[in-house]
Amino acid sequence: MKNSIIFTLFLFSLSSHASSRYPLEPFTIVNGSSAYYGVKSFELGDLDNDGVKEIIYLSNQNEFNVVEYQKPIDSSFLASVHNTKWELKDHEYNKNNNNFYIVFDLYANGVYLFLNGQFSSPISLSLTNGVLQGSSGNSSVMIYKITDHMIWGEIKDSRLDTSTRTMPRKFQAVRKSS
């Protein structure tokens with residue numbers, strides 16, 4: 001019981017410092033062929049309040065490890081999300097009853113920003129080191145993390161940010177059902 005309480009307290013203290021060792025590429029957590037690299041215990045928990053549970057495990061060497069789940073962003077990403085709509089979640093663009101979505105389009109090789117019933121010009125995306133990014137005029141999008149139902153990145157929309165010096169703003173977006 002005492003070890004369980006200590007483990008729980010340690011998990012809460014990790015919340016502001018948690019990140020995986022290799023956030024942009026999948027890797028094997030445990031090699032099942034050796035007890036030396038095994039897992040003594042593990043828990044699932046959302047340490048960084050992003051809505052995705054991380055795996056927290058204690059290795060046989062008594063090291064705590066945190067692994068966050070995400071899909072790799074590769075050349076097949078646009079095909080897998082073609083014609084999907086993602087709603088910006090808790091974002092300052094959503095103030096004043098704005099409806100703001102990102103819509104992926106494989107044929108345009110990029111995205112459209114959808115704001116209050118109007119689409120932006122297409123923004124072509126290119127993949128560099130596991131990050132999708134692109135710009136068109138004064139609008140820009142960068143996507144650096146995805147799961148099945150959420151994406152994270154930075155966005156700037158020329159309809160709301162008219163200055164060329166305005167910095168892109170971080171966002172989380174939730175996949176909308178079709």
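Trainee: How many salt bridges does a search of the whole structure find?

Mentor: A search of the whole structure finds two salt bridges (a side-chain nitrogen of Lys or Arg within 4 Å of a carboxyl oxygen of Asp or Glu). The model is predicted, with local features needing pLDDT of at least 70 and side-chain atom pairs pLDDT 80 or more, while totals for chains, interfaces and linings use all residues. Residues are numbered from 1 along each chain as its sequence is written, and side-chain values use heavy atoms, with hydrogens and water left out.

Helices (H or I, at least four residues) and strands (E, at least two) are DSSP runs, numbered from the N terminus. K176 has 32% relative accessibility and therefore counts as partly exposed; E87, at 25%, also counts as partly exposed. For these classes, buried means under 20% relative accessible area, exposed over 50% and partly exposed in between, with a 1.4 Å probe and protein chains only.

The other salt bridge is between the side chains of D157 and R159, at 2.7 Å from N to O. D157 is at 0% relative accessibility, so this residue counts as buried. R159, at 30%, counts as partly exposed.

Two lysines also sit over aromatic rings. K85 lies over the face of Y101, 4.6 Å from the ring centre, and the charged end of K145 sits over the ring of W152, 4.5 Å from its centre. The test is NZ of Lys or CZ of Arg within 6 Å of the ring centre and within 35 degrees of the ring normal.

The structure holds five aromatic pairs (Phe, Tyr or Trp rings, the six-membered one for Trp, with centres within 6.5 Å; planes under 30 degrees apart are stacked, over 60 edge-to-face, the rest tilted). Among them is F77 with F104, edge-to-face at 5.5 Å centre to centre and 85° between the planes. F77 is in helix α2 (residues 77-81) and F104 in strand β5 (residues 100-105), so this pair links distant parts of the chain, 27 residues apart. F77 and F104 are buried. Y101 and F114 make a tilted pair, 5.9 Å centre to centre with 50° between the planes. Y101 lies in strand β5 and F114 in strand β6 (residues 110-115), so the pair ties together parts 13 residues apart in sequence. Y101 and F114 are both buried, and together with Y112 and F119 these two residues form one aromatic cluster.

Three of the strands form an open antiparallel sheet in the order β1-β2-β3 (strands pair if DSSP finds at least two bridges between them). β1 (39-45) and β3 (64-67) stand at the edges with a single partner strand each, so one side of each is left without a neighbour in the sheet. Six bridges join β1 to strand β2 (residues 54-59); E43 has I56 in β2 as its bridge partner.
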